[in-house]
Amino acid sequence: MGGFLALTILGLVTGAGYAVAAGGLVLTYSTSRVFNVAHGAIGMVMAFLYWELSVNQGLPVWLTLLLVVGVVAPVLGAVVERIMMRQLADAPVGATLVVTVGLLVMLIGVAQAIWPSTARTVPPFFAGSDLKLGGAVVSVHDLITIAAAIVAAAALYGLLTFTRVGIAMRAAVDNRGLLALYGARTSMLSAMSWGIGAALAALAGILLTPVVGLSYHDLTLLVMSAYAAAVAGRLLSLPWTFVGALLLGLSQSYAVGYLPTTGALSGLRAAIPALFLFAALLLAPQAQLRVGQIRGIRGVPVPGLLRALGFGALAIGAAAVAAYALPGTTSDRLSLGFIYGIVMLSLVPLTGYGGYVSLAQLTFVGVGAITVARLGTASPLALLAAAGAAALVGALVALPALRLQGLYLALSTLAFGLLMDKLVFQASFAFGFNGSLAVPRILGLDAQSHYLILTAVAFVGVGLGVLALRRSRYGRYLIAMRDSPAGCATLGLNLRWTRVRIFALSAGIAGFAGGLFGGLRQTVAATDFQLFNSLPLLLLAVVAGVTSVTGSLLGGMLLMLLPVLASEVPAVGGLAFLVIGVASVGLGRDPNGLASRLFALGRWRPPSSFPSVRLGRASRGEAAS
Amino acid sequence: MTRAYVDDKRPLLEVGDVTVRFGGVTAVREATLEVHEGEVTGLIGPNGAGKTTLFNVICGLQRPTAGTVWFADGDITGKATHERARLGIARTFQRLEAFGSLSVWENVLVAAEIRGHKRPADVARHLIEVVGLEAYAQAPADTVPTGIARLLELARALALHPRLLLLDEPSSGLSAAETESFGELLRDIVAEGRAVLIVEHDMDLIMRVCDRIHVLDFGRVIATGTPAEIRADENVQRAYLGRSEEPGSDFDEPPAADLGEPLPDDFGGAWINPAHGEETRRDEA
Ligand SMILES: Nc1ncnc2c1ncn2[C@@H]1O[C@H](COP(=O)(O)OP(=O)(O)OP(=O)(O)O)[C@@H](O)[C@H]1O
Ligand SMILES: [Mg+2]
């Protein structure tokens, strides 16, 4: 029984920490309708800052807490709101996700640059002073955490329910313009809610550090737990969010206490929020379509078939020349660039046309690689099997969020990536615990030069396929669905299945790339497909241009170059995350990316931007998408 | 102009005792109305009366708190929006839902493709001509003026070859001449045996084209009848007068007295604010 009590207390403490984080998330979301994926990352950076000031510099705990939670975090939140969020006020969900993921990656980059990874510990508050409670030991830190959660909950609830400022905050999201008419300073309100949100993230990060550890990634993933809790309240209700947080904390604690947590199940603790989230999504009521929301996004021109074939031949020709003229290591690098390019092509229909965001595209690549490895054949059919397996998994991911909307879909990919990372990839049918797999080369192409030509051909083939999709009716459906889901539904389009199909297609392409990736590396491990590497991939895809084949190739090559840069110019390479983060915060709103600037160079026309530049005269509509 | 209403066949659409509550706001209260094939049915009422909400209930975008919707002899209350579209319900939106990044032509084409026509391009081309959008066919839908976008939504809805067409304030943004031909188009559509349910602020148009009118006030259907009956209806007049701010407004004379005449433009000064609910994005400089 003592064990049970101890687990319950641990669960409540963890849940209280989640509740603090989730409260901040719900506050910022309900007042700005921007889901801050970087919420956990803010907590992470603040936890590091707390460590720096209190442990490294030796400041008193109370002063450090006051400084970090009371001053630095709110200022950071307000600055983030001022710089980034304003421009996102009316942006589509996809753009808000990309920009906040950019912030997340940037914050990780900052943390890694300032605090290079070494072992750091943060002592709990009042370390050593424990209380006995019916056979279980409760530390003062635990009590403080629970008390902090209760105070934060009560304060937030009181703020939003009883104060003028809080009521105005909630009203701000419904109608900024109207509220401004009544004299409210909506920008002030929004900055305040982001400030408070960041302070809560910081508090949660600091409180949970003794449980989670001072780690860039684990603390950043706090957003996952906070999100899972917030889904219980449909991202809007604070009381339900707190209930969700406590349930999550408890289930995590019991799972860790009563289930075996060695070997393949060692990631269970980290995976519980993801499982909890899927359960919450399945129970969530059906979302109603939002009406009255349209915004055209001018795409880049779609090349005709001949033009596309011409460019394809050019790319393959260039790859062939490189294959024979350049050393083998360069061939391998270029192959990798083409393979990443295919992964980015998988985002073109999904994100570029459809406006959906996948935060775990590399996980599908991993599924493809495992499939080819397990089949153990060099037949090109293995690539199709890889695509099929990944497509199936992609459809499964889209299913729980089927009744819900884009934001939930994107965030379930995050949960899915986490689940695969921590549990499935560790299982014996996948890589095994910390294991790796040998992958055969397709067609037995052992020469690096031959493999380069193969990947170039594969890229061109998939690229032509994506362009054909865009020109087909399904391409139009995707764009129509992005522009107006309600409009599509009233025309008779089954949004759910269209969404599942596009997710499956995208995952399938990524799985296909995974087969090629495995063959290139020849041995692959779970670390090759880590969730956290999917994020820079998504960001680079958008920065380079996620609406075009050219953008995909550009993005693929850039992604390939990053580690090269890191190994050859370490000083710059270490900042890669930072650079990608900054670039996507700046460019994340324009899915046409750098590629559209290239096209514009060729045609001496200003690039289209996002939201679209209105073409002055209607007759210039030729360039439409 | 108005024809006698014969109650001999089952209505195509029957909304029965529908109530919609948004938190504390009751947008629609036990509304009951019918729409018959071959007729233009009007739905009028002040701003915020619940007309758009009722449309959303009929096409499945809004689940009613209570009540049923019957269409073509089947209960469709629980059906999804796309299923209703396939049964033959099409609509346009008061706040436009055109596909902004597709061209006008592609907007109509996509509808014809979703409907599964054998030759979607032919259907789309024909409809673009029917509503007179040839000049704008290649323009991105978010660059055209509001009136044009409304016609585009009409063409898109017609591409479904619907049995029931729901039009939410379709004439705002149209010129007088365009409104005139729009009215004729509506009569042509119902002449093919379809049904039209139209929400409109242009009383002139409503009185001219409708066979029957339902009047909604505070979410309640306060009157149902032919245009002549509606003009004479006391409840309707009271609803108008109750809101009318100008003492010398036209309601001082009973509307029934000038049945044949088109009503003045400011009929029900407080009733309609044409700009209300418009998307602000179309800031045509
Ligand atoms: N999603 C919603 N949430 C809360 N209240 C809503 C919602 N949609 C409509 N309402 C309210 O319901 C009432 C009816 O709105 P509705 O848009 O149906 O009126 P309407 O008759 O179409 O008015 P208008 O002539 O201005 O278009 C209004 O008071 C409106 O504020
Ligand atoms: Mg309306």
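Are A:Arg482 and A:Asp483 buried or exposed?

Tutor: Both A:Arg482 and A:Asp483 are buried, where buried means under 20% relative accessible area, exposed over 50%, and partly exposed in between (1.4 Å probe, protein chains only). This is a predicted model, in which local features need pLDDT of at least 70 and side-chain atom pairs count only at pLDDT 80 or more, while totals for chains, interfaces and linings use all residues. Residues are numbered from 1 along each chain as its sequence is written, chains are lettered from A and ligands numbered from 1 in the order in which they are written, and side-chain values use heavy atoms, with hydrogens and water left out.

The side chains of A:Arg482 and A:Asp483 form a salt bridge at 3.4 Å, N to O; the term stands for a side-chain nitrogen of Lys or Arg within 4 Å of a carboxyl oxygen of Asp or Glu. Over all chains the count comes to 12 salt bridges.

Another salt bridge in chain A joins A:Asp528 to A:Arg521, at 3.5 Å from N to O. Here A:Asp528 is partly exposed, with a relative accessible area of 23%, and A:Arg521 is partly exposed at 36%.

In chain B, the side chains of B:Glu180 and B:Arg208 meet in a salt bridge of 4.0 Å, N to O. B:Glu180 lies in helix 6 (residues 176–191) of chain B and B:Arg208 in helix 7 (residues 203–209), so this pair ties together parts that are 28 residues apart in sequence. Helices (H or I, at least four residues) and strands (E, at least two) are DSSP runs, numbered from the N terminus. B:Glu180 is partly exposed, with a relative accessible area of 39%, and B:Arg208 is partly exposed, with 25%. Salt bridges that share partners also join B:Arg10, B:Glu14 and B:Asp73 into one network.

Chain B also supplies protein donors to the magnesium ion (ligand 2): B:Thr52 (OG1) and B:Gln94 (OE1), 1.8 to 2.0 Å from the ion. B:Thr52 belongs to helix 1 (residues 51–59) of chain B and B:Gln94 to the loop between strand 6 (89–91) and helix 3 (104–115), so the pair ties together parts that are 42 residues apart in sequence. Donors are N, O and S atoms within 2.8 Å of the metal (3.2 Å for Na, K and Ca), and water is not among the atoms, so sites may look incomplete. B:Thr52 counts as partly exposed at 26% relative accessibility, whereas B:Gln94 is buried, with a relative accessible area of 13%.
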